[in-house]
Amino acid sequence: MKLFLSLAWRNIWRNKRRTILAALSIFFSVFLALITRSMQNGTYDYMIDSAVRMYTGYIQIHAKGYWNERSLEKSFVYDKNLFGKIEKIEYVENAVPRLENFLLVSSKEITKVASAVCIEPEKENLMTGLEKKLIHGKYLNEYDEGILISEGLTKMLNVNVGDSVVLYGQGIYGFTAYALSPIIGIIKFNLPDMNNSLIYLPLRYGQNLFSMENRVTSVSLMLNNPKKLNSVYEQIKSLLTNNYEVMKWDEMMPELVQGIEIDSISGIFMLFILYLIIAFGIFGTIMMMTAERTKEFGILISIGMKKSILIFISILETIFISFIGAFAGLLISIPVIFYLNKNPIQFTGELAELSLKFGVEPILPFSIDAGIFFAQTLIILIISLFSALYPVRYIKKLQPIKAMRQ
């Protein structure tokens with residue numbers, strides 16, 4: 001076996017140009033496949049992370065029936081000890097309590113409907129980056145008795161920082177909620193629906209306004225490792241009673257899941273086309289290498305070398321060249337993809353504006369998931385090794401006399 005390995009290794013370097021061309025075809029195949037798949041998976045991960053950070057979290061806890069009814073009567077008492085335990089679960093980054101309701105917001109003779117979100121300012125900012133959206137005024141603290149208001153709503157009401165607006169609505173069990181609240185800051189969202197309808201209140205202030213002492217409507221959880229979602233989900237369920245409902249992000253946002261699945265199908269189809277091109281490229285290179293050596297094969301068989309041994313050595317040669325090309329492709333791809341992960345490609349012009357309208361930063365992110373490197377390299381190696389079947393068939397049918405005349 002050692003002799004065959006030595007022969008195969010020496011054979012591939014007898015014609016360095018041919019070997020380098022063959023290895024380069026595999027190198028570029030691995031590089032292209034890794035870049036393509038990393039970009040696809042990175043885009044999906046970024047879409048999911050942006051969506052869950054904007055609102056739901058990877059996991060949301062609420063009272064049973066709240067998700068369908070969205071009623072204050074379906075709120076629950078916020079037990080700090082219980083949710084402190086949940087925050088200590090491995091991979092849980094943050095637990096963000098919220099109290100959500102609808103209000104009428106009035107200034108002089110103008111009245112608009114708004115979605116009121118009562119928050120713990122620090123935790124909310126860690127999850128959604130709300131403070132970065134501030135364009136005027138200052139950010140909330142937990143003891144403030146004022147509001148953050150979306151930019152579109154301020155234009156409709158013709159108000160600014162320092163002005164006061166009347167908040168009017170309904171609290172729990174039919175209690176009337178009424179307050180005259182100063183505007184502490186103005187925030188801007190890229191999504192028009194959010195920018196025209198949202199106000200934020202400190203949680204303490206909101207609980208007093210809606211007569212909901214120590215009650216919240218939901219708690220959203222952020223994870224620092226989304227791959228551990230199912231494990232964390234099961235641990236949380238084991239800590240809670242049947243009075244609570246625990247939902248994962250894909251249950252709360254089925255439209256996003258469907259969109260990703262549809263795009264993933266088209267992405268897989270494009271990868272399939274890429275694999276076909278790669279397969280033909282590698283096969284063409286192996287076929288060229290084999291055809292160039294027809295006379296050599298004819299002479300070796302004529303002087304007594306068995307075809308089975310020649311086939312075995314040819315397969316070893318293909319394996320060596322495949323591993324050289326695949327390893328080089330992997331070696332070069334890793335730093336490139338890591339760089340693109342840390343410094344994603346920035347969109348400009350109309351494409352950037354379109355991304356911002358959907359509340360997504362105009363970037364093209366790349367994934368550094370280890371599974372991508374392993375899977376794509378393995379697929380290209382398998383394609384390369386399948387190409388070794390051509391020399392097998394070619395040598396089996398080879399007639400030494402005709403081969404030596406070529």
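This is a predicted model: local features need pLDDT of at least 70, side-chain atom pairs count only at pLDDT 80 or more; totals for chains, interfaces and linings use all residues.
**Notebook: a cavity and a loop**

I started with the lining of the largest cavity, and I noted Ile286, Met289, Thr290, Arg293, Phe297, Ser314, Glu317, Thr318, Ile321 and Pro391.

Next I asked how many cavities of 30 Å³ or more a search of the whole structure finds. I got 1. The space in the largest cavity comes to about 100 Å³.

Then I wanted to know which helices each supply at least two residues of that lining. They are helix H11, residues 254-292, and helix H13, residues 307-342. H13 gives the largest share, with 4 residues.

I also sorted the lining of the largest cavity by class. I have 5 nonpolar residues down in my notes, along with 3 polar and 2 charged ones.

On another page I looked at backbone angles. Ser211 is not a glycine, yet I found a positive phi of about 55° there. Where does Ser211 sit? I traced Ser211 to the loop between helix H8 (203-209) and strand S10 (215-216). Is Ser211 buried or partly exposed? Ser211 counts as partly exposed because its relative accessibility is 36%, and buried would mean under 20%.

I then turned to Asn214, which lies in the loop between H8 and S10. Asn214 is a residue other than glycine too, and its phi is positive, near 60°. I looked up its accessibility as well: at 34% relative accessibility, Asn214 counts as partly exposed.

How values were computed:
Residues are numbered from 1 along each chain as its sequence is written. Side-chain values use heavy atoms; hydrogens and water are left out. Buried means under 20% relative accessible area, exposed over 50%, partly exposed in between (1.4 Å probe, protein chains only). On a 1 Å grid over the protein atoms alone, a cavity is a set of points where a 1.4 Å probe fits but cannot get out, and a pocket is an open set with protein on both sides within 12 Å along at least five of seven lines; lining residues have an atom within 4 Å of a point. Grid points are joined across faces, edges and corners, and a volume is the space filled by probe spheres set on the points. Ala, Val, Leu, Ile, Met, Phe, Trp, Tyr, Cys and Pro count as nonpolar, Asp, Glu, Lys and Arg as charged, and the others, Gly among them, as polar.
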